[in-house]
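Me: Could you walk me through how this chain is put together? I would like to go question by question.

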Amino acid sequence: MSFDGSIPRSMGLAAAMIVLAACATPGGPQPPGAATGGAQTQATAAAPRGTLKIAWGTEPEGLSPKLAVGAGLANYQWIFDSYLTYFDFQGQVHPMLAKSIPTQENGDWVVNADGTMATTYHLRENARWHDGTPLTARDYVFGFEVTIDTDVPVRIRLPETYMSGVEAADDYTLVVKWSQPYVGANTLTYQQLNPLPTHLMGDKYRRNKANFIFGEEWTSAYVGTGPFRIERWNPGTSLIARAFPDWVLGPPKIETVEVRFISDARTAVANILAGEVDLISSPWSSAQDAALIRQQWAESNAGYIRTGLRALHLLAFQFREVPNWQRAMTDLRVRKALMHATDRVALGEVMTAGLGRPADAFAIPSDVIFPRIDAALTKYPFDVSRAGTLLAEAGWTRSTPTGLLTNPSGQTLDMELWDTPGDGGETSAILADGWKAVGINTSTFTIAAARQRD
């Protein structure tokens, strides 16, 4: 058996980790749109001040949410762009560029008998592009047109492919029509129906589509809707962003954001411990890095680590008939046994250095629907005895208490566990030990870094 994906993962919550030095803005940078009480005016808001220095592990190819490439860029995409809605660290949704969240109760989410739907977003009238031009519903219509155009190499076309159309009822009323049910229809956020500035890009798209995605308008001259606008891009080194005073939720508290491109995680850790940067984040720095930094800061109180339960790592069984595939994977009882033989608590400790915890579904406890999901779930606690019972029901038994499992034909239950380098093999060792304890003949294979990137 092998695993889909680059690394086997337990079904557990891994913290989206942010490490901040104490010299950053008091209390640390807030989630985007933290000023949920509405936009402040420049007259009443304090002037932005100070510089926040951030380490990024990857230099982006561009800043557009739909075109940007690179792991972890979502963590800081809020610098340059804002979205219809956003989720806070507890997983609660809030309106951002939209005035409110569409619901069936307020009439802005209509679900038809045939499964088609319509969601209406009312935009904030004070939303502006970085060049001062008002953001209107027509910019969303244009963004949708570009996203679904297969002649444009868009990185991700979901959920736009579920939409049958996007219309501007007026400048500040956006109507999204859906061809099928979609649970996130009223919470469109990062990389979901992102607008494009029609006044800057409309003509180029119509006249020169072949070169539409090329040009400084995607990089050093990028015009977004976020709290900061690009000022300077130093290729290979850093970029500088300045506070956008007309941001929809009011002027940012920080004047300057300096993003430094630091690809080596050890260098990033050394930089934050030395005070050279104020903030680093996953996935460029691991939970183990966070644990080391936390230990270093335990007495000095030089900074803090914040975790948002937003990311899930999962254990995925291989169902395709690849080389060395184990046909027993088609038996639900075998898969259940493997879950019961997996010590997810130990995996969580190794994978997240205690920052994460096991989970039983793709939902976080703070989600409003979580109690209903949790009540309906079948859970698989670590239980070697239960695993053995399930395997016996599937026809796999041991001739001796410590022997290997065999079926009536005398074949052993062979499992091939693929892992990636990074944690010294601890993850695969925990999985293998649990499965070997119930008699599974488990072997491990480490995917070379070069092959992983192929």
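This is a predicted model: local features need pLDDT of at least 70, side-chain atom pairs count only at pLDDT 80 or more; totals for chains, interfaces and linings use all residues.

Me: How many helices and strands does the protein chain have?

Reply: Helices (H or I, at least four residues) and strands (E, at least two) are DSSP runs, numbered from the N terminus. On that basis, the protein chain has 10 helices and 18 strands.

Me: What share of the 454 residues counts as buried?

Reply: Buried means under 20% relative accessible area, exposed over 50% and partly exposed in between (1.4 Å probe, protein chains only). For the protein chain, the share that counts as buried is 48%.

Me: Are α5 and α8 roughly parallel or roughly antiparallel to each other?

Reply: Axes are lines fitted to C-alpha atoms, for helices over the stretch in contact, and angles run from 0 to 180 degrees between N-to-C directions. The axes of α5 (residues 332–340) and α8 (residues 384–393) come within 8 Å and cross at roughly 165 degrees. Angles under 35 degrees count as roughly parallel, over 145 as roughly antiparallel, 65 to 115 as roughly perpendicular and the rest as oblique. The two helices, α5 and α8, are therefore roughly antiparallel.

Me: Which residues of α8 does α5 meet?

Reply: Contact means heavy atoms within 4.5 Å. From α5, the residues involved are R333, V334, K336, A337 and H340, and their partners in α8 are V384, R386, A387, L390, L391 and E393.

Me: At what angle do α1 and α2 pack?

Reply: Two packed helices are described by the angle between their axes and the distance between the axes. For α1 (residues 137–147) and α2 (residues 198–207), the axes are 11 Å apart and the angle is about 35 degrees.

Me: Is E416 buried or exposed?

Reply: E416 lies in strand β17 (residues 414–419). Its relative accessible area is 16%, so E416 is buried.

Me: Which side chain joins E416 in a polar contact of 2.7 Å?

Reply: A polar contact is a pair of N or O atoms within 3.5 Å; within protein, one must be able to donate a hydrogen and the other to accept it, and residues adjacent in sequence count only if both atoms are side-chain atoms. The E416 side chain has a polar contact of 3.0 Å with that of N324. At 2.7 Å, the side chain joined to E416 is that of W418.

Methods:
Residues are numbered from 1 along each chain as its sequence is written. Side-chain values use heavy atoms; hydrogens and water are left out.
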